[in-house]
Amino acid sequence: MERFKASVYKEVLLLLHDKVGLLLMYMMPLLLVFVITIVQDSAFRLVNENRLDILIVNNDKGDLGDTLISSMKHAGSFRIDVRKGVNEKQLSKLTLEGGKLATLYIPEDFSTTMSVNSKRISKAMLTEFGVETEVEKRGAQKQESNGAVKFLFDPVLQESYQVTIKNNLQIMISGIESKQMIHQLYKDMGYDQIPPRILQELGKNRTKIVAEPAMNGESAMIPNSTQHNVPAWSIFAMFFMVISLGGNLVKERVSGSFVRLQTIPGAFLHAMFAKITVYSFVALTQLMIMCTIGVFVLPLIGLPQLNLPTHMFPFILISVLSAMAAISYAAMVGTYARTQEQANGFGAVSIIIFAAIGGIWVPSFVMPDYMLMISKISPLHWCLEGFYTLFLKNGSWDQLMGPVYYLISFTVFCQAMALWKLRRQHYI
Amino acid sequence: MMLMTQPSHILRVSSITKLYPKAEVYSLKDVSFDVIRGEKLGIFGPNGAGKTTLISILCGILPETSGGVNYFIDNQSATFKDVLPKIGFVPQDFALYQELTAMQNLRYFGKMQGLKNEELESKIAHLLTILGLDHVGNRKLSTFSGGMKRRINLAIGLINDPEILFLDEPTVGVDVQSKVAIIALLNELNQKGTTMIYTSHHLREAEDFCDRTLLLDDGKIIAEGTLNDLLKQHNAESLEDLLIHLTGKALRD
């Protein structure tokens with residue numbers, strides 16, 4: 001026990017001396033959580049809280065252009081700047097130079113086109129019902145018009161935002177079209193205006209879509225950027241210990257300290273167990289600090305609060321398995337690398353690649369099928385699966401078994417590879 | 001390990017050979033010799049002769065390809081596991097933690113040797129004093145000169161009061177003052193009964209220090225005996241002459 005304690009003390013001293021390693025392991029993930037969560041949260045708000053700056057050029061000679069603008073204002077989706085009399089050819093220049101991310105151009109014949117379309121539909125409907133309409137009595141209006149609304153966007157605006165804005169606009173235009181069509185229908189049937197009761201019914205909210213996350217059992221967890229990022233970057237931080245632990249192992253081997261330990265009975269294994277203990281503590285404190293920040297600090301700067309999993313035992317299990325996987329990987333890299341530069345370079349690059357394919361940076365669901373297959377080789381993917389099951393889905397033991405089996409297998413594989421190499425080098 | 005009684009021996013090396021993986025040439029070929037308890041045996045030879053390989057095998061750091069090493073404790077054949085706590089090893093490299101202080105290094109290796117706190121602290125104080133490092137015990141090794149690090153390297157090898165001490169170039173790269181201090185300490189320990197197996201390129205120093213000499217070249221023993229006997233036998237004036245006489249002047253890798 002004295003040997004183990006001495007080894008742990010030595011490891012702690014070496015770790016405290018490794019300022020760069022400590023910064024990478026503790027500060028880098030904290031910064032990443034702050035930056036990525038703020039960025040993702042802002043993007044989320046931009047799309048979902050609809051505060052996009054938009055310029056509207058309304059050249060419509062009728063009323064429906066104003067109706068569309070009024071709908072957009074009512075939706076509260078945009079910060080709107082309305083102009084009139086701007087030439088269609090000036091739109092691109094105006095968008096790019098005006099500091100707006102998008103411009104909506106309502107043409108002169110917007111109302112006319114809507115009116116023509118609604119008359120055509122109304123006539124078709126009444127003909128189907130076998131009703132002689134006022135239109136037929138007057139003779140059908142043959143006027144055709146295209147009246148397309150033009151949506152210009154700054155090329156920096158990502159496709160997902162363009163699609164969201166376009167869809168929102170389409171819904172508003174469809175609403176106006178529907179109202180216009182009903183109005184025309186009544187007019188063609190000889191009414192001067194739509195009866196107030198019908199107008200009242202039309203004004204009522206239609207069928208709503210209630211979106212809610214699929215959960216196992218009852219849970220207070222709400223998927224948000226914090227809920228995604230805290231576990232993701234905690235895992236990244238754990239695996240980034242390859243820089244510190246891997247480098248530390250190489251240094252001891254190259255300096256000859258391992259050789260000296262070989263000549264002391266049992267010393268080498270004590271030293272290795274001490275490393276695993278100290279770095280397990282590091283990994284778990286990384287996670288604890290990140291969770292503490294998620295629960296207490298992120299809400300202070302207006303970000304969503306982290307909701308911890310309700311079942312603590314599976315949470316601890318996945319945390320410990322993730323820590324062991326990270327330590328074992330670092331030990332394997334440190335055992336095989338010939339120099340500290342090799343351990344640091346290969347270690348860092350491999351973790352970045354594992355993170356990229358494992359869904360830490362971009363969600364796995366956006367990846368093509370072949371990348372989804374590749375992502376399964378990344379230990380970070382399985383750690384993330386485990387944490388997402390706990391942090392986002394309030395998952396069951398069955399759902400956790402995949403990550404648990406993989407992480408145990410990965411840990412055993414890395415430890416076996418490291419032990420095999422150490423045995424070949426006669427350290428054990 | 002063979003079971004036999006050899007009162008005067010502490011170590012017997014029998015027909016050791018060593019072939020490293022993927023190597024085409026043997027590093028050691030049929031090397032046999034005895035080490036007498038309490039003697040200072042010097043192993044010399046040109047670069048690549050097999051000195052470090054031999055010491056590494058004797059310390060259990062490397063396995064031999066064939067042959068064997070027998071150790072004796074209290075005149076009884078002993079297993080390597082039994083003899084390991086009585087071994088001290090001073091490697092050629094600074095096998096130290098540069099980020100830690102001299103005291104922290106000594107405490108760590110002392111604890112790993114199983115020493116208890118009080119005994120360890122007094123031993124550390126003693127070693128630092130006799131090696132002239134008592135005033136820098138709390139300084140990090142990264143601030144030490146080469147000579148100071150070499151002395152700490154030696155102190156760690158001595159922390160467990162070894163009965164048999166393996167020294168691989170213990171004075172390489174140090175100034176004359178450090179060298180004198182190290183050799184004086186080694187002589188003092190030897191007088192108290194510590195057996196020493198030593199390699200060095202400082203042949204003048206070796207002439208004074210060693211009781212017996214073993215000359216290696218190309219992995220084979222080419223001469224063995226007391227220095228005086230060898231000098232007479234080969235009509236040489238010094239160890240350097242003797243080495244040149246036996247191994248030639250061709251440069252070695």
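**Notes on a predicted two-chain model**

1. Helix H5 of chain A is followed by A:Gly130, a residue whose phi is positive, near 75°.

2. Several residues of H5(A) are buried, among them A:Phe110, A:Ser111, A:Met114, A:Ser115, A:Ser118 and A:Ser122.

3. A:Thr67 has its place in helix H3 of chain A, which covers residues 64-75. Is A:Thr67 buried or exposed? A:Thr67 is buried, because 20 other C-beta atoms lie within 10 Å, and 20 or more is what the cut-off for a buried residue asks for.

4. In chain B, an open sheet of four strands has the order S2-S1-S4-S5, and its pairing is antiparallel. The edge strands, each of which pairs on one side only, are S2 (28-36) and S5 (76-78) of chain B. From one strand to the next, the twist averages 20°. As background, the strands of a sheet pair through backbone hydrogen bonds, either parallel or antiparallel.

5. Within this sheet, strand S1 (residues 9-18) and strand S4 (residues 66-73) of chain B run antiparallel and are joined by five bridges. For B:Val13, the bridge partner in S4(B) is B:Val69. Helix H1 of chain B, residues 51-58, lies across S1, S2 and S4 of chain B and runs at about 125° to S1(B).

6. B:Ser15, in strand S1 of chain B, has a positive phi of about 50° although it is not a glycine. B:Asp30, in strand S2 of chain B, likewise has a positive phi, near 50°. B:Ser15 counts as partly exposed because it has 13 C-beta neighbours inside 10 Å, and B:Asp30, with 14 other C-beta atoms within 10 Å, is partly exposed too.

7. Where the chains meet, 23 residues of chain B are in contact with 20 residues of chain A. On the side of chain B that touches chain A, strand S6 (87-90) and helix H3 (102-112) of chain B each supply at least two residues, and H3(B) gives the most, with four residues. By class, this side of chain B has 16 nonpolar, three polar and four charged residues.

8. On confidence, the predictor gives the complex an ipTM of 0.83 and a pTM of 0.75. Chain B averages a pLDDT of 86, and 95% of the residues score at least 70. Confidence in chain B is highest in H3(B), at 93, and lowest in helix H9 (residues 239-247), at a mean of 79. Over residues 1-7 of chain B the pLDDT is below 50, and this stretch has 13 contacts in the model beyond near neighbours in sequence. Where pLDDT is low, the predicted coordinates should not be read in detail.

How values were computed: Residues numbered from 1 in each chain as written. Chains lettered and ligands numbered in written order. Predicted model: local features only at pLDDT ≥ 70, side-chain atom pairs only at ≥ 80, totals over all residues. Pairing = 2+ DSSP bridges. Axes fitted to C-alpha atoms, helices over the stretch in contact; angles between N-to-C directions. Contact = placed C-beta atoms within 7 Å. Nonpolar A, V, L, I, M, F, W, Y, C, P; charged D, E, K, R; others polar. Buried ≥ 20, exposed ≤ 12 C-beta atoms within 10 Å, placed from the backbone. pLDDT = per-residue confidence, 0-100.
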